[in-house]
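Please open the structure in your viewer and keep the selection tool at hand. The tour moves from one selection to the next and says what is found at each stop.

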Amino acid sequence: MDNIDLRLLVLFDEIYKASSLSKAADRIGLSQPGVSLALERLRKHFNDKLFVRTTNGMEPTLHAKALLPIVRQGIAALQATMAFRFQFVPEDSDRTFHISMTDVGQIVLLPSLLNQLRLLAPNVKIEVSTINKDVPKALESGDLDLAVGFVPQLQNFFYQQVLFEEKFVCLARKAHPRIKDSITLRQYERELHVVVTTSGTGHLVIDKTIDKLEVHRKVGVHIPNFIGLSTIIGATDYICTLPFRAGEIMAHHGEVKLLKVPFEVPSYVVKQHWHERQAQDPGNRWLRQVIAEMYVKARETRRRTQQKSPT
């Protein structure tokens with residue numbers, strides 16, 4: 001293989017078809033001296049004349065005739081290799097995508113995503129893991145396809161796309177004895193709080209704001225995720241400050257209500273992140289587009305709803 005350029009195999013085939021070095025040279029865009037030198041390399045490698053001059057032109061030797069089908073198989077394989085483009089057909093795929101997201105993402109994103117996949121790619125599967133310190137390495141290695149959430153440690157080293165801007169709200173039970181349709185700063189400081197400490201949901205934004213504004217928060221319990229939060233809030237007089245979209249879903253399905261936070265809290269941006277190795281993967285590109293379009297549609301729906309609401 002050190003002595004054979006694959007282009008020489010194409011030359012071999014052209015000489016065989018044309019029975020002429022000059023015609024072969026024209027077909028592949030080489031000079032006739034160049035073709036002669038290339039043929040000499042082939043002869044040396046195979047230890048055979050391969051083509052000899054006759055009154056009918058350059059005729060193949062028995063060795064060349066035996067070699068021809070193998071050469072053509074090699075050319076076809078090379079052409080197929082160079083023409084290959086990895087494709088992803090959603091409706092036919094049974095691929096498993098690996099996504100890292102927060103527990104809020106599992107509440108807010110995952111149900112909608114599963115409904116979309118059922119329509120667009122019924123055999124595609126999703127494996128979800130929680131965002132943690134190993135996410136960067138998992139994206140680099142290809143063990144993860146996407147990471148979705150508020151993940152500042154990924155911002156400088158990975159591709160990213162903004163999905164939406166998130167704000168914070170307070171959550172309290174509907175029958176709370178002291179908190180009705182709104183909450184004052186004084187009430188906020190008097191009530192016991194559930195604090196959820198989990199990655200990728202911007203809880204540090206709340207912590208830093210409370211420290212900066214010197215708001216007193218009486219923490220009654222720390223929990224590691226949002227999965228059981230609505231049950232806790234709905235059964236106690238505790239309150240919680242959490243991302244709006246998660247709170248909205250909890251308020252829709254549970255015995256809890258949303259309240260405006262009684263002080264200004266910065267919003268944060270939720271993104272989907274991926275590594276360069278997944279950037280051109282058709283399946284990954286398709287999944288990213290599905291997720292992005294979900295939030296475009298959600299924004300449009302929210303905008304129309306707000307326009308119809310009485311002012």
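Predicted model: local features only at pLDDT ≥ 70, side-chain atom pairs only at ≥ 80, totals over all residues.

**First stop: a pair of helices**

Select helix α1 and helix α3 (residues 32–46): their axes come within 10 Å and cross at roughly 105°. Axes here are lines fitted to C-alpha atoms, for helices over the stretch in contact, and angles run from 0 to 180 degrees between N-to-C directions.

Residues are numbered from 1 along each chain as its sequence is written, and side-chain values use heavy atoms, with hydrogens and water left out.

Now display the side chains of Leu8, Leu11, Phe12 and Ile15 in α1, which meet Val35, Ala38, Leu39, Arg41 and Leu42 in α3; contact means heavy atoms within 4.5 Å. The residues of this contact divide into eight nonpolar, no polar and one charged (Ala, Val, Leu, Ile, Met, Phe, Trp, Tyr, Cys and Pro count as nonpolar, Asp, Glu, Lys and Arg as charged, and the others, Gly among them, as polar).

**Second stop: another partner of α1**

On the α1 side, the contact is made by Val10, Leu11, Glu14, Ile15, Lys17 and Ala18, and on the α2 side by Leu21, Lys23, Ala24, Arg27 and Ile28. Seven of the contact residues are nonpolar, none is polar and four are charged.

Next, select the five strands of an open sheet with mixed pairing, in the order β4-β3-β5-β12-β6; two strands pair if DSSP finds at least two bridges between them. At the edges lie β4 (125–130) and β6 (159–166), each pairing on one side only. Within the sheet, β5 (residues 146–149) and β12 (residues 268–274) run antiparallel and are joined by three bridges. Zoom in on Ala147, which stands opposite His273 in β12.

**Last stop: the whole chain**

Finally, show the complete chain, with its 12 helices and 12 strands. Helices (H or I, at least four residues) and strands (E, at least two) are DSSP runs, numbered from the N terminus. The C-alpha atoms fill a box of roughly 110 × 35 × 30 Å, taken along the principal axes.
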